[in-house]
There are 2 protein chains.
Amino acid sequence: MKIVVQKFGGTSVAGLERMQRVLEIVRRTHGKGYKVVVVLSAMSGETNRLLSLAQQFSKEPDAAELDVLATTGEQVSVALFSMLCKDAGLKARSLLGHQIQIKTTCDYTNARILDIDAAAMKALLQDYDVLAVAGFQGCDEHGRLTTLGRGGSDTSGVALAAALKADACEIYTDVEGVFTTDPNICDKARKLDKISYDEMLEMASMGAKVLQIRSVEFAKKYNVPVRVLSTFIDNPGTLVSQEDKSMEYVLVSGIAYDKDQARVTIYDVLDQPGVAASIFGPIAEKGILVDMIIQNTSRDGHTDMTFTVSRKDLDKTMAILTAIKADVGAKEIQFDTGVCKVSVIGVGMRNHSGVASRSFAAMSREGINLLMISTSEIKITMLIEDKYAELAVRTLHEEFELDKDPGERKVGEV
Amino acid sequence: MKIVVQKFGGTSVAGLERMQRVLEIVRRTHGKGYKVVVVLSAMSGETNRLLSLAQQFSKEPDAAELDVLATTGEQVSVALFSMLCKDAGLKARSLLGHQIQIKTTCDYTNARILDIDAAAMKALLQDYDVLAVAGFQGCDEHGRLTTLGRGGSDTSGVALAAALKADACEIYTDVEGVFTTDPNICDKARKLDKISYDEMLEMASMGAKVLQIRSVEFAKKYNVPVRVLSTFIDNPGTLVSQEDKSMEYVLVSGIAYDKDQARVTIYDVLDQPGVAASIFGPIAEKGILVDMIIQNTSRDGHTDMTFTVSRKDLDKTMAILTAIKADVGAKEIQFDTGVCKVSVIGVGMRNHSGVASRSFAAMSREGINLLMISTSEIKITMLIEDKYAELAVRTLHEEFELDKDPGERKVGEV
């Protein structure tokens with residue numbers, strides 16, 4: 001049995017006309033001899049509508065009940081799409097997270113997939129041409145409904161493809177694929193034909209917003225090649241897959257940026273074992289993600305600690321730090337929300353040096369001051385004043401000639 | 001463990017303010033030492049919104065998918081209500097039809113309850129003060145979602161009360177109880193303190209619209225006393241229960257009417273065995289409910305057959321009859337939509353005669369012509385021109401002194 005998993009996001013299912021376009025894609029795939037597992041999101045706006053309803057009813061809505069509420073969005077989508085399929089002569093039915101079953105942890109609103117009953121699904125695929133699976137949802141060991149977090153339908157799609165050993169996993173969205181950078185701020189942004197899981201993880205976490213990060217982690221873990229493409233434009237999109245030889249010759253794949261950053265500095269903390277843990281432990285406990293962390297060289301047994309968090313978490317972070325300020329011997333705590341992160345990403349950096357210095361030089365030419373620097377094997381990240389964000393992205397995009405076909409670019413020193 | 005089942009309809013859960021009123025009632029009950037099983041409908045208007053969405057997507061939507069769609073309405077209600085309960089300090093959670101489980105037949109959009117896992121619910125009631133159960137829904141043996149037909153949440157409530165052997169079953173609605181007749185057309189209508197299952201069945205089927213008919217049948221079968229009362233007005237409402245001694249002394253309990261009637265007459269059909277079956281068989285197969293049926297005395301081996309159907313079914317009925325006209329030897333088929341059914345209902349009729357003649361005389365005094373008459377043990381039904389509907393109801397209400405306390409009425413001949 002040949003199986004394709006196709007996931008369609010909220011904008012692709014928002015209304016009859018768009019769902020008919022989805023039907024067209026699904027029929028075409030079925031016409032090529034595939035059974036099609038269609039994973040659908042809630043119609044765009046629906047999840048937000050439901051969550052704001054919950055906010056009306058409770059300031060801190062119970063997480064388990066939030067999931068009972070939120071899962072209705074996808075349930076509506078799959079029911080309506082199955083009706084369309086049947087009217088078009090396809091043997092189709094809907095499948096909810098608890099019917100499949102997609103077993104998850106009990107972490108309501110942010111559950112992780114533990115297991116999918118692939119045998120049961122394959123048995124159903126004997127009888128049906130199309131299974132319309134509600135994305136984003138599962139159930140825990142007690143049969144209570146769970147959701148996989150924002151954008152979780154991507155993860156549903158990839159997990160189903162992995163469990164079913166599908167021949168292809170296609171994530172349909174409202175963009176044509178993954179770009180070298182955000183086309184909204186750089187008109188020379190170029191669609192990538194392929195990108196590695198690791199690069200995609202860096203791009204996604206920096207706000208490329210094409211795929212949910214967790215779905216990429218999942219795809220990497222189970223080695224599921226994922227094609228990202230547009231529902232509305234016929235175009236092969238971008239293949240997200242394991243690194244291959246051809247990728248190594250590309251120095252830089254893309255430039256990402258993230259404006260949702262706040263920088264926090266704690267001055268003069270004691271430079272002794274356990275201090276970092278007593279700062280970042282309480283922050284992690286509150287579910288706050290800390291991004292760049294930098295510790296300066298020590299002076300007189302004291303040091304400065306700087307890190308970034310999402311702006312929405314700043315108030316909570318400051319409250320925590322104020323509470324532990326005395327314990328860690330800190331003199332002062334400062335924050336700054338006028339900052340932005342810009343990253344140069346590429347697996348090619350593993351084999352080529354000089355990317356960092358070329359990046360810094362380019363920034364310098366434009367008079368952009370670097371506030372923080374952090375590097376990984378495949379990424380160079382710079383924190384800058386956020387008024388320079390767009391200029392920085394365009395400058396780096398040009399520096400690494402990302403508008404050109406990879407073969408035509410000049411490569412850095414080896 | 002003392003258990004009360006309380007069901008709240010769509011108008012009782014439409015929005016935060018109304019749900020807070022529901023919470024007040026539930027808390028009061030819990031405060032008296034009861035575990036509360038709260039059965040909720042979808043917010044008023046929601047089921048219609050979902051069904052009209054389905055109509056946009058398909059002219060004849062798949063029944064199983066309609067149920068997947070429609071069940072989201074109640075799912076939203078129970079999630080939101082559980083949030084409210086938890087914020088109010090009650091241990092509460094939602095329960096969906098497939099979680100309980102409420103096992104039903106596979107008759108999508110009109111399934112019947114087969115079994116409820118009462119033991120599992122009682123185990124949950126050890127841990128929780130309040131279980132918010134989604135009304136109207138269940139699941140079939142394959143785990144597919146089902147619904148119980150319009151107004152099915154009443155049946156959910158009664159069935160849960162029966163399965164749990166609850167101490168009370170209360171159906172909260174937007175009226176104060178069951179009235180002697182429709183207060184909208186007869187301002188002397190009086191709330192009944194109690195009514196028997198059989199009378200309620202006759203009242204409900206005639207459009208009293210307080211309780212879903214099937215829920216009353218269920219209550220009768222399992223002998224569950226059901227109290228119908230208002231969410232918004234503190235008032236003991238009406239107890240629907242087995243007939244008791246005191247009811248026998250009440251000659252007439254109420255006057256019902258139904259304007260959704262069309263009369264169909266087939267002239268000169270062959271008066272021979274099997275003809276009635278060949279007329280009503282095909283009609284029943286299309287799911288059309290036939291109400292009053294009258295066959296006149298035969299002339300020359302032919303007879304006239306008259307019956308009533310809901311107006312919405314008239315076109316389908318005429319099409320069926322036209323197709324079989326020749327087979328049953330009929331000369332002509334006529335229909336009339338300007339008709340209305342008025343019924344006098346009371347278990348007291350079993351022991352008292354004269355109700356029929358008093359009813360006919362009252363109609364006659366007002367110049368209302370009787371088009372059809374049909375009687376049962378506890379009901380006399382008259383078909384009249386629909387322009388007389390309100391007058392007929394008021395006349396009969398007055399004739400049997402239904403505005404007075406039963407003890408003060410004059411009783412008919414014994």
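A word on the source. This is a predicted model: local features need pLDDT of at least 70, side-chain atom pairs count only at pLDDT 80 or more, and totals for chains, interfaces and linings use all residues. Residues are numbered from 1 along each chain as its sequence is written, while chains are lettered from A and ligands numbered from 1 in the order in which they are written.

Now the interface. Chain B puts 28 residues into the contact and chain A 28 residues, where contact means C-beta atoms, placed from the backbone, within 7 Å. On the chain B side, H3(B) gives the most, with 15 residues; helices are DSSP runs of H or I of at least four residues, strands are runs of E of at least two, and both are numbered from the N terminus. Both copies use the same surface, since 100% of the contact residues of chain B recur in chain A.

Last, the sheet in chain A. It is open, with eight strands in the order S3-S6-S2-S1-S9-S11-S12-S10 and mixed pairing; strands pair if DSSP finds at least two bridges between them. The edges are S3 (92–95) and S10 (194–196) of chain A, each pairing on one side only. Inside the sheet, S2 (35–40) and S6 (130–134) of chain A run parallel over five bridges, and A:Leu40 stands opposite A:Ala134 in S6(A).

Technical notes:
Contact = placed C-beta atoms within 7 Å.
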